[in-house]
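Dear colleague,

I am passing on the structure we spoke about, and below it you will find my notes on what turned up. Please read them alongside the coordinates.

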Amino acid sequence: MYDILSVRKDFPVLEEVIYLDSGATTQTPVQAVNSMNDYFFKYAANHGRGAHRLARQTTDHYEDARDIVAEFLNIGSDGTIFTKNATESINMVSLGLKWETGDHVVTTVVEHHSNLLPWMRLREQGVEVTVVGSDREGNVDPKDIDEAITDRTRLVSVNHVSNVFGSVRDVKKITQIAHRSEVLSLVDGSQSAGHMPVDIKNIECDFFITPGHKGLLGPQGTGVLCIKDPEILEPVYVGGGTVHAVTTESYELEPYPSKFEAGTPNIPGIIGLGRAVEYVKDIGVEAIEKHEKELAQDTATRLAEIVGVEVYGPKDRTGVVPFNVQGMNPHDVAMILDETRKICVRSGYHCAMPSVDLIGVEGTVRASFALYNTKEEVDSLIEGVEQITMLI
Ligand SMILES: Cc1ncc(COP(=O)(O)O)c(C=O)c1O
């Protein structure tokens, strides 16, 4: 187990609040923030576009970040593309594959809107979309995915971990099911990367996407799209940075990953992401997973013991704990926790209305954990919720 108190020193805001909203975005360690300051103060220039020393230094740091992220997720650097968030990464796949009328996509009801809408919009092009169901705890049976696959299915797109329930998908099995029928697979790792070991080569998925600003502890405005075979995807954006030969009649695209990164990227953010991933690696993702799971399971058990509180999601959960206080709006609960104890939790439908519909509520309160949370913070949440139930 790592030294949690020394970890907390790397996240100064934790002296001010109890931050239990890492499912939305995590805090970024000072080491990563300092690496971004270094960029601005010592060598800021554009990436890949100049011979001078600052441009070379910038390019080196940016490409180092690519190598760090690729190694951490176990995929080649060539297939690791930087984007601005998970949503952009998924849209780059839905818009970058060539679709024909009658093609078919399989996804699930427990997806974030960002892994639903990009496929639902394809219906306008005659693509059929099947949304496979789940149980009330957010578990999807891989058999249902298998049964949904037809001879026109092109892609299966599922999350690794649900942001509403914390339920975990057996993504290797789902990818194997897809590949047996020669269907592509996309894994939305927004709630898994950095929270649990992720080995993309082992999962064997065709696309793995993750934001940089959640479990990887990078800054907002960073995302990753990993592609097993980048030849199968067309770039959505073209322009500067993506080509090596242009006339007014034609152009030749750069090899990947450059052809997928049009225009000036979020250079400081990506450099910060690289440093943040090193930080996660140094602590050890297995230890992080164990710590977050213990906190979440303890929270779920203790919340469920409070009369008037309903907890959702499976017993074997990651660091996501959704709950409601009977008769109270989740936003009110979140506001009271903030006002009384400076506890920051998310409330509402978590950008996943169909998931929340499954449990027949309009929204939930969601406590979500990261490597820097403590047992004392869980105690405070439990006491805070107990006090709220006394108001009913
Ligand atoms: C499972 C899942 N997918 C996609 C997203 C979208 O991430 P981003 O805001 O980085 O686009 C989120 C964000 O919460 C998520 O939890």
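The largest pocket holds about 250 Å³ of space, where a pocket, on a 1 Å grid over the protein atoms alone, is an open set of points with protein on both sides within 12 Å along at least five of seven lines, and a volume is the space filled by probe spheres set on the points, which are joined across faces, edges and corners. This is a predicted model, in which local features need pLDDT of at least 70 and side-chain atom pairs count only at pLDDT 80 or more, while totals for chains, interfaces and linings use all residues. Residues are numbered from 1 along each chain as its sequence is written, and side-chain values use heavy atoms, with hydrogens and water left out.

The pocket is lined by 21 residues, and those nearest its centre are His112, Ser114, Ser190, Gln191 and Lys214; a lining residue has an atom within 4 Å of a point. Helix α4 (residues 86–96) gives the most to this lining, with three residues, helices being DSSP runs of H or I of at least four residues and strands runs of E of at least two, numbered from the N terminus. By class the lining has six nonpolar, eleven polar and four charged residues, with Ala, Val, Leu, Ile, Met, Phe, Trp, Tyr, Cys and Pro counted as nonpolar, Asp, Glu, Lys and Arg as charged, and the others, Gly among them, as polar.

The whole structure also has one cavity of 30 Å³ or more, a cavity being a set of points where a 1.4 Å probe fits but cannot get out. The largest cavity contains about 90 Å³ of space, and of its 13 lining residues Gln191, His195, Glu292, Thr318 and Gly319 are the closest to its centre. Helix α10 (residues 285–304) gives the most to the lining of the largest cavity, with three residues, and that lining has four nonpolar, six polar and three charged residues.

Two backbone details deserve a look. The peptide bond from Tyr256 to Pro257 is cis, with omega near 0 degrees, and Pro257 lies in the loop between β10 (251–253) and α9. Glu204, a residue other than glycine, has a positive phi near 65 degrees and is found in the loop between α8 (200–203) and β7 (207–211).

With regards
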